[in-house]
Amino acid sequence: MSDRHISQHFETRAIHAGNTADPLTGAVVPPIYQVSTYKQDGVGGLRGGYEYSRSANPTRTALEENLAALEGGRRGLAFASGLAAEDALLRTLLTPGDHVVIPNDAYGGTFRLFAKVVARWGVEWSVADTSDPAAVRAALTPKTKAVWAETPSNPLLGITDIAAVAQIAHDAGARLVVDNTFATPYLQQPLALGADVVVHSLTKYMGGHSDVVGGALIVADQGLGEELAFHQNAMGAVAGPFDSWLVLRGTKTLAVRMDRHSENATRIADMLGRHARVTRVLYPGLPDHPGHEVAAKQMRAFGGMVSFQVEGGEEAAVEVCNRAKVFTLGESLGGVESLIEHPGRMTHASAAGSALEVPADLVRLSVGIENVDDLLEDLQQALG
């Protein structure tokens, strides 16, 4: 199959990009190259460019090629976790004294990285509502080197107009970084909309089966890709070969899984919106969501994440989480199984007392691909 044909449709790229048949045996799945070093053809004579698996590994290369193809980027890089990817990106883009605009609704680990790690390095940051382009523009300073966005955001499912914010960032001489974990490249293509860098926690939908931890960066600019590759090798938090193989397996079914995640989440959001104990439903697929029109413009569908607030406050929200049976109480998201959590006490506890603190009565759902009627029944009994 030619590269031209592979590039035509997402589902085809997901299965074939980076997945060249093994030249020795014809195996249709790339091998797991569980190896640390490689025999050289004479001093400095690298066979296929491989010398040491921190620098490059054939299984990781296959995944990185796949990720670049799916996001429409020039270079993909796979890391040991999403936060490892973010750390490498920040240390590539920034120097002490630089400034970053971060969203007022972001993953707690990302906030912790800025507030507790990067700030000690002398990088300044400020918070803006990235769903409001004017607020992003107002937050920029002459020292701003990057604008960070999550869309949909975690856990309040806010929507950022990627094209509009990319233009604002570029006019100021800054780069736009988009965390595309919730949407995945199947539902949303930030680079095509003007973003400079896409970040993924591969642990989530890309892996899809709650059995791997990983992260990725995909970039539109080849030069930036080379800078990131230097830092990836120098810092060393690379994805291992087996983890790379697991994610590469997951991306093959990403399209069909995301279709089901989105269908189930839509049904659940509709039900929650009618439930007497639910005071607010946060899902960009709902017509009354403030970011619905933008999401409909830049996304294929609205994803599998739903958050909602319940009457009775924090204790009531915790009780809903504890009463669920089919939904598993646990952190993370994006697996085939449905998960439920209380962000204020779990994934976003690090944001307590900050501008990113989440509502105490908030429950977050990662809607899986089970039969939706079973999921609806479970939530109804959990709500009481």
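Predicted model: local features only at pLDDT ≥ 70, side-chain atom pairs only at ≥ 80, totals over all residues.
Residues are numbered from 1 along each chain as its sequence is written, and side-chain values use heavy atoms, with hydrogens and water left out.

Strand β1 (residues 75-79) pairs with β7 in the antiparallel sense over 5 bridges, and strand β6 (residues 197-201) also pairs with β7 in the antiparallel sense over 5 bridges. Strands here are DSSP runs of E with at least two residues, helices are runs of H or I with at least four, and both are numbered from the N terminus. Two strands pair if DSSP finds at least two bridges between them.

What about burial? In β7 (residues 215-219), 5 of the 5 residues are buried, so the strand is largely enclosed by the rest of the structure. Buried means under 20% relative accessible area, with a 1.4 Å probe and protein chains only. G215, L217 and V219 point one way from β7, while A216 and I218 point the other way.

## The whole sheet

Zooming out, the open sheet has 7 strands in the order β1-β7-β6-β5-β4-β2-β3, with mixed pairing. The edges belong to β1 and β3 (124-128), each with a single partner strand, so one side of each has no neighbour in the sheet. From one strand to the next, the twist averages 20°.

Strands β4 (residues 144-150) and β5 (residues 175-179) pair in the parallel sense over 5 bridges. There, E150 has D179 of β5 as its bridge partner. Helix α7 (residues 162-171) lies across β4 and β5, running at about 150° to β5. Axes are lines fitted to C-alpha atoms, for helices over the stretch in contact, and angles run from 0 to 180 degrees between N-to-C directions.

## A helix pair: α11 and α14

The axes of α11 (residues 254-274) and α14 (residues 372-383) come within 10 Å and cross at roughly 30°. That makes the two helices roughly parallel (angles under 35 degrees count as such).

On the α11 side, the contact (heavy atoms within 4.5 Å) uses N264, R267, I268, M271 and L272. From α14 come V372, D373, L375, L376, L379, Q380 and L383. By type, the contact residues split into 8 nonpolar, 2 polar and 2 charged. Ala, Val, Leu, Ile, Met, Phe, Trp, Tyr, Cys and Pro count as nonpolar, Asp, Glu, Lys and Arg as charged, and the others, Gly among them, as polar.

Note on methods:
Parallel < 35°, antiparallel > 145°, perpendicular 65-115°, else oblique. Buried < 20%, exposed > 50% of the residue type's maximum accessible area, 1.4 Å probe, protein only.
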